[in-house]
Amino acid sequence: MSLEIINQNSNVISIKLNDIPLQYANALRRVCLNGIPILAIDTVNIIENSSVLADEGLAHRLALIPLSMPVSRFNEPLKCSCNNKSGCSNCRVILMMDSGSKDKTRTIMSNEIISENEDVKPVSNNIPIVELAVGQRLKIEAYARLGRGTTHAKWNSANISVLTHTNRKNEYILTVESTGTLSPIQLISSGINELSNRLHEFKENINKIEL
């Protein structure tokens, strides 16, 4: 079995999978798409929202903003030793926004989100959130936590993950486009580790049944 990078840029990577059965290649494709734990805004406390966008719509927009994150820095909430519903610095990140009120209409962008962790922030400063009219204000406190895309699309680690077959037996091309949360190479590496852990866990469960 071997993997070979055949194309890579800041957002997309294509790798050639040699001598890998289809079921494993497809499993890696699926894991890269929605099986890698990544950070996304999960809870939003609306302190003030006088915009035309309802609180629920605002929370939804914030949740879908991709956040950069250091690999393996945070724990999944249910696996964190803090056992705290509110979480701790090892399983959540607090983000704040206070637009203030202005005397002109303006669009609130993602660059106005302030994070308590400098490594966790929107992957782009130019994502529009809501337009505020004169005198309107938006003030929120949000919590980002690890999750998987199989639970909600806001935790998808890739925009696309496509597997194509070459003319050779057990040879495939896997193309993955990152949302920006992880670099393409981090996405592939994390996907391989996640798949390996799942296979190991599955093998252990089978052995327990046999005993």
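**Note on strand pairing and salt bridges**

1. At 39% relative accessibility, Asp98 counts as partly exposed. The cut-offs are these: buried is under 20% relative accessible area, exposed is over 50%, and partly exposed lies in between (1.4 Å probe, protein chains only). This is a predicted model, in which local features need pLDDT of at least 70 and side-chain atom pairs count only at pLDDT 80 or more, while totals for chains, interfaces and linings use all residues. Residues are numbered from 1 along each chain as its sequence is written, and side-chain values use heavy atoms, with hydrogens and water left out.

2. Which residue does Asp98 meet in a salt bridge? The partner is Arg137, at 2.8 Å, N to O. A salt bridge here is a side-chain nitrogen of Lys or Arg within 4 Å of a carboxyl oxygen of Asp or Glu. The pair links distant parts of the chain, 39 residues apart. Asp98 sits in strand E4 (residues 92–98), and Arg137 in the loop between strand E7 (128–132) and E8. Strands (E, at least two residues) and helices (H or I, at least four) are DSSP runs, numbered from the N terminus. Arg137 is partly exposed, at 23%.

3. Asp42 and Arg145 also form a salt bridge through their side chains (3.7 Å, N to O). This pair, too, links distant parts of the chain: Asp42 is in strand E3 (residues 38–49), Arg145 is in strand E8 (residues 138–147), and 103 residues separate them. Asp42 counts as partly exposed because its relative accessibility is 34%. Arg145 has 11%, so it counts as buried.

4. A further salt bridge joins the side chains of Glu112 and Arg106 (3.3 Å, N to O). Glu112 is partly exposed at 22%; Arg106 is buried at 18%. Salt bridges with shared partners also join Glu76, Lys79, Arg148, Glu194 and Arg198 into one network. How many salt bridges does a search of the whole structure find? It finds 11.

5. Now the hairpin. Strands E9 (residues 158–165) and E10 (residues 171–178) pair in the antiparallel sense over seven bridges. Pairing requires that DSSP finds at least two bridges between two strands. Five residues lie between E9 and E10. In the turn, Asn170 has a positive phi of about 55 degrees. Val162 has Thr175 in E10 as its bridge partner.

6. Thr175 has another partner. Its side chain makes a polar contact of 3.0 Å with that of Ser14. A polar contact is a pair of N or O atoms within 3.5 Å; within protein, one must be able to donate a hydrogen and the other to accept it, and residues adjacent in sequence count only if both atoms are side-chain atoms. Ser14 lies in strand E2 (residues 12–18) and is buried, at 8%.
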